[in-house]
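Please open the model in a viewer and keep the selection panel at hand.

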Amino acid sequence: MAAALAVLSVREKGLDRFLGATLAFASPAERAGYRQVLQSGFNELEALLQADGLL
């Protein structure tokens, strides 16, 4: 349920709003890479939840 709510939140409000300041540990140059990995993960998770009929 938590994964589905996270996916729906990202879908509705966007990844940047979902992440907030969580990437503050990384240098500005590294943040885009972390963000891309997280976006890919959310996309995969969304596809899995849709395939299972949970979204």
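Begin by selecting Ala4, Ala6, Val7, Val10, Leu15, Leu19, Leu23, Phe42 and Leu49: these nine residues make up the largest nonpolar core, a core being a set of buried Ala, Val, Leu, Ile, Met, Phe, Trp, Tyr and Cys residues joined through side-chain atoms within 4.5 Å. Buried denotes under 20% relative accessible area, exposed over 50%, and partly exposed the range in between (1.4 Å probe, protein chains only). H1, H2 and H3 each supply at least two residues of this core; helices here are DSSP runs (H or I, at least four residues), numbered from the N terminus. H1 gives the largest share, four residues.

This is a predicted model, in which local features need pLDDT of at least 70 and side-chain atom pairs count only at pLDDT 80 or more, while totals for chains, interfaces and linings use all residues. Residues are numbered from 1 along each chain as its sequence is written, and side-chain values use heavy atoms, with hydrogens and water left out.

Leaving aside neighbours within four places in sequence, Ala4 is in contact (heavy atoms within 4.5 Å) with Leu49 and Leu55.

Now display helix H3, residues 28-51. Its 24 residues reach 35 Å from the first C-alpha to the last, close to the 34 Å expected at 1.5 Å a residue; the expected span is 1.5 Å times one less than the number of residues. Phe42, Glu46 and Leu49 are the buried residues of H3, and they pack against H1 and helix H2 (15-19). Following H3, select Gly53, whose phi is positive, near 75 degrees.

In one, Glu46 pairs with Arg11, the closest N and O atoms being 2.7 Å apart. This pair links distant parts of the chain, with Glu46 in helix H3 and Arg11 in helix H1, 35 residues apart. Arg11 counts as partly exposed because its relative accessibility is 45%.

For the other, select Asp16 and Arg35, whose side chains meet at 2.7 Å, N to O. Asp16 in helix H2 and Arg35 in helix H3 are 19 residues apart, again linking distant parts of the chain. Arg35 is partly exposed, with a relative accessible area of 29%.

Conventions:
Salt bridge = Lys/Arg side-chain N within 4 Å of Asp/Glu carboxyl O.
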